[in-house]
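Hi,

Here is the structure I promised to send over. Have a look at it first, and then read on for what turned up.

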Amino acid sequence: MSKKLEGKIALVTGGTTGIGLATAQRFAEEGAHVYVTGRRQAELDKAVALVGNATGVAVDSTRLEQLDELYARIRDAHGHLDVLFANAGGGSMLPLGEITEEHYDDTFDRNVKGVLFTVQKALPLLAAKASIILTGSTAGSSGTAAFSVYSASKAAVRAFARSWILDLKGRDIRVNTISPGATRTPGLVDLAGPDAQQQQGLLDYLASQVPLGRVGEPVEIANAAVFLASDDSSFVNGAELFVDGGQAQI
Ligand SMILES: NC(=O)c1ccc[n+]([C@@H]2O[C@H](COP(=O)([O-])OP(=O)(O)OC[C@H]3O[C@@H](n4cnc5c(N)ncnc54)[C@H](OP(=O)(O)O)[C@@H]3O)[C@@H](O)[C@H]2O)c1
């Protein structure tokens, strides 16, 4: 069977662990050369070894000069980019009443500012038929206790896609949002702290809220990202694809 991303140049931000790593692996299996980013060099080196057909670049997506350097490298090596998965992000929990300026800035810088400039600075490199995929969240369209700042930041991500498809009209570039539900990643289990029992307790609780009765695995989000990255989704634009076991539909 032919590969879905043969010869494509892809970028996965936050591609060193969790959903980003699984997606970088799937993109490479489908024939793409994958640039992966993250802030921690050791995680980046491990990810490049796992992905294989990959280049790792240490980038903090909230630092615009680092994004410039990343895109200069891709431009010099390939001259264009076919697939952009703006996935780097995450959050922490604080209830209203305890929210700090630092918590707000960290969450919005990573999930909103980082995504905005990751996409905007890629525009000169994006080829015709390029696919931009943003990582939203089920939290962007429902309430979660102590997670309001994260939820608001993911609602902003989903709103970006709606307007960007209009700004990009005529360029033959698609923008879609993939919204995972609870997915077994380091970023998720860390919300419960370092204790393994508490982490399992969080996963069990989250699984009980999902119609399919379990949390997602990173590769299940990655498989949906392959669909949005490839020509299989050639007329899908501005959509929000929930990959959540049904959680956002109830
Ligand atoms: N897991 C879930 O249940 C779930 C559900 C819905 C949405 N999401 C979203 O899915 C995306 C991936 O999360 P995950 O669960 O896979 O978490 P993860 O395992 O913590 O992975 C996050 C990745 O992003 C990188 N990253 C974080 N901040 C960054 C920054 N400022 N610049 C560059 N890289 C950065 C991390 O590497 P460094 O720390 O080394 O930079 C890592 O590679 C996030 O946008 C998250 O909000 C996750």
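**What I found**

Starting with helix α1, residues 18–29: its 12 residues reach 17 Å from the first C-alpha to the last, close to the 16 Å expected at 1.5 Å a residue. Keep in mind as you read that this is a predicted model.

How many of the residues of α1 are buried? The count is 10 of the 12, so the helix is largely enclosed by the rest of the structure. Among the buried ones are Gly18, Ile19, Gly20 and Leu21, and also Arg26 and Phe27. After α1 comes Gly31, which has a positive phi, near 100°.

Next, the aromatic rings. A pair of rings is described by how far apart the centres are and by the angle of the planes. The count here comes to three aromatic pairs. One of them is Tyr104 with Phe108, a stacked pair with 4.7 Å centre to centre and 20° between the planes. Both residues sit in helix α4 (residues 101–122), four residues apart, which is about one turn of the helix.

Phe108 is buried, because its relative accessible area is 17%, under the 20% cut-off.

Phe147 and Tyr150 make another stacked pair: the ring centres are 4.4 Å apart and the planes are at 20°. Phe147 and Tyr150 are both buried.

The largest pocket holds about 1,500 Å³ of space. Its lining takes in 49 residues, and the ones nearest the centre are Gly90, Tyr150, Thr185, Gly187 and Leu188. Which elements give two or more residues to that lining? They are α1, β2 (33–38), α5 (148–167), α6 (186–189) and α7 (196–208). By class, the lining has 16 nonpolar, 27 polar and six charged residues.

The second largest pocket has about 180 Å³ of space. Lining residues there include Lys129, Asp172, Arg174 and Asp231, along with Phe235 and Asn237. By class, this lining splits into four nonpolar, two polar and four charged residues.

Cheers

Terms used: Residues are numbered from 1 along each chain as its sequence is written. This is a predicted model: local features need pLDDT of at least 70, side-chain atom pairs count only at pLDDT 80 or more; totals for chains, interfaces and linings use all residues. Side-chain values use heavy atoms; hydrogens and water are left out. The expected span of a helix is 1.5 Å times one less than its number of residues. Buried means under 20% relative accessible area, exposed over 50%, partly exposed in between (1.4 Å probe, protein chains only). Rings of Phe, Tyr and Trp (its six-membered ring) pair if their centres lie within 6.5 Å; planes under 30 degrees apart count as stacked, over 60 as edge-to-face and the rest as tilted. On a 1 Å grid over the protein atoms alone, a cavity is a set of points where a 1.4 Å probe fits but cannot get out, and a pocket is an open set with protein on both sides within 12 Å along at least five of seven lines; lining residues have an atom within 4 Å of a point. Grid points are joined across faces, edges and corners, and a volume is the space filled by probe spheres set on the points. Ala, Val, Leu, Ile, Met, Phe, Trp, Tyr, Cys and Pro count as nonpolar, Asp, Glu, Lys and Arg as charged, and the others, Gly among them, as polar.
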